[in-house]
Amino acid sequence: MARRMDVVGADGVRLAAWEFADPHKGDDAVRGRDTPQGRARDDPAVDDDQEGAPGVLLLHGLMGRASHWASTARWLSGRQRAVALDQRGHGRSEKPLAGPYTREAYVADAEAAIEQLGLAPVTLIGHSMGALTAWQLAARRPDLVRALIICDMRASALGAASQREWEDWFRAWPLPFATLADVRKWFGEDDPWVERPTPARGEFYAEVMAEGADGWRPVFSRRQMLKSRETWVYDAHWEELAQVRCPALVVRGLDGELGRAEAQEMVRVLPRGVYAEVADAGHLLHYDRPEAWHAVIEPFLDDVRMG
């Protein structure tokens, strides 16, 4: 179950933010129905008393959506208010043809969500591109941010070769998919980027597909995703990382995209950095291994609350 809240982001872009609540045990009709393929509904069980309380803002990565954080948001909801944001161009949020899809726009959107939903001083939790948005916001608006968790995002520049690889990968997608089962199989097994069968990866991409007249296609524009990525892929982001003054946890999957040496250097650069890793996990560690992910971030969150 999920409750949607509307946020007005930079340039008036309409954004969808979500609070998730635990489904009742045994309620199979509700379980797993938060926002698959964009379907969502209001949940009267969400506690309105939490509104205005300091909380957590969860930021997904490129091509992700708020529902990818559903497990973490539910787990957090018993402790503090947890809100996941569909960022511009993603999920149920607006996807303006002309953008902008700049770093400044993404950071301003997250800032708007914090202020309009009364989440400050907030704990920011970001995955991949969402983690970059989180630490850029923490550097620019320390008054809004209480703590930061960075999930599998590099601070170094990835470069032109990386962007070309993504362009080639997008062209390889066999769109449209006839069924969601085909989506799960291709992204979980047949995708040339998959080294071994990964069912969770197939489920991850199934959540960002919508059914049309000719089959299943992504809810986002691949062109817009490339535009979003090109605004950060050519640059390193160490300087902004060093400007983050709040407690910050850097988490990586052992088989993820963030290497141990770079992660530990990020911890060294952060004035109050802490390191953690999740075994048997790749880039989608928060989605693929939620219990292990929760276990590594819980001590950090406890310390933040005690502080």
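Partly exposed means a relative accessible area between the buried limit, under 20%, and the exposed limit, over 50%. Arg305, at 28%, is therefore partly exposed. The model is predicted. It holds 22 salt bridges. This briefing covers some of those pairs, then the largest pocket.

- Arg305 and Asp302 pair through their side chains, with N to O at 2.3 Å.
- Both residues sit in helix 11, which spans residues 290-306.
- They are 3 residues apart, about one turn of the helix.
- Asp302 is partly exposed, at 29% relative accessibility.
- The pair belongs to a network of salt bridges that links Arg79, Glu298, Asp302 and Arg305.

- Glu240 meets Arg140 in a salt bridge, with N to O at 3.3 Å.
- This pair links distant parts of the chain, 100 residues apart.
- Glu240 lies in helix 8 (residues 238-242), and Arg140 lies in helix 3 (residues 129-140).
- Glu240 has 18% relative accessibility, so this residue counts as buried, the cut-off being under 20%.
- Arg140 counts as partly exposed, at 40% relative accessibility.

- The side chains of Glu203 and Arg184 form a salt bridge, and their closest N and O atoms are 3.0 Å apart.
- Glu203 is in helix 6 (residues 199-206) and Arg184 is in helix 5 (residues 180-190), so the bridge ties together parts 19 residues apart in sequence.
- Glu203 is partly exposed, with a relative accessible area of 35%.
- Arg184 is also partly exposed, with a relative accessible area of 33%.

**Background on pairing**
- Side chains of opposite charge can pair when their charged atoms come close.

**Largest pocket**
- The largest pocket contains about 1,100 Å³ of space.
- Its lining is made up of 35 residues.
- Trp193, Arg201, Asp255, Glu257 and His283 are the lining residues nearest the centre of the largest pocket.
- Helix 4 (160-172) and helix 6 are the elements that give two or more residues to this lining.
- Helix 4 gives the most, with 4 residues.
- By class, the lining of the largest pocket has 16 nonpolar residues, 11 charged residues and 8 polar residues.

Notes. Residues numbered from 1 in each chain as written. Predicted model: local features only at pLDDT ≥ 70, side-chain atom pairs only at ≥ 80, totals over all residues. Heavy atoms only, no water. Salt bridge = Lys/Arg side-chain N within 4 Å of Asp/Glu carboxyl O. Buried < 20%, exposed > 50% of the residue type's maximum accessible area, 1.4 Å probe, protein only. 1 Å grid on protein atoms, 1.4 Å probe; cavity = no way out; pocket = protein on both sides within 12 Å on 5 of 7 lines; lining within 4 Å. Points joined across faces, edges and corners; volume = space filled by probe spheres on them. Nonpolar A, V, L, I, M, F, W, Y, C, P; charged D, E, K, R; others polar.
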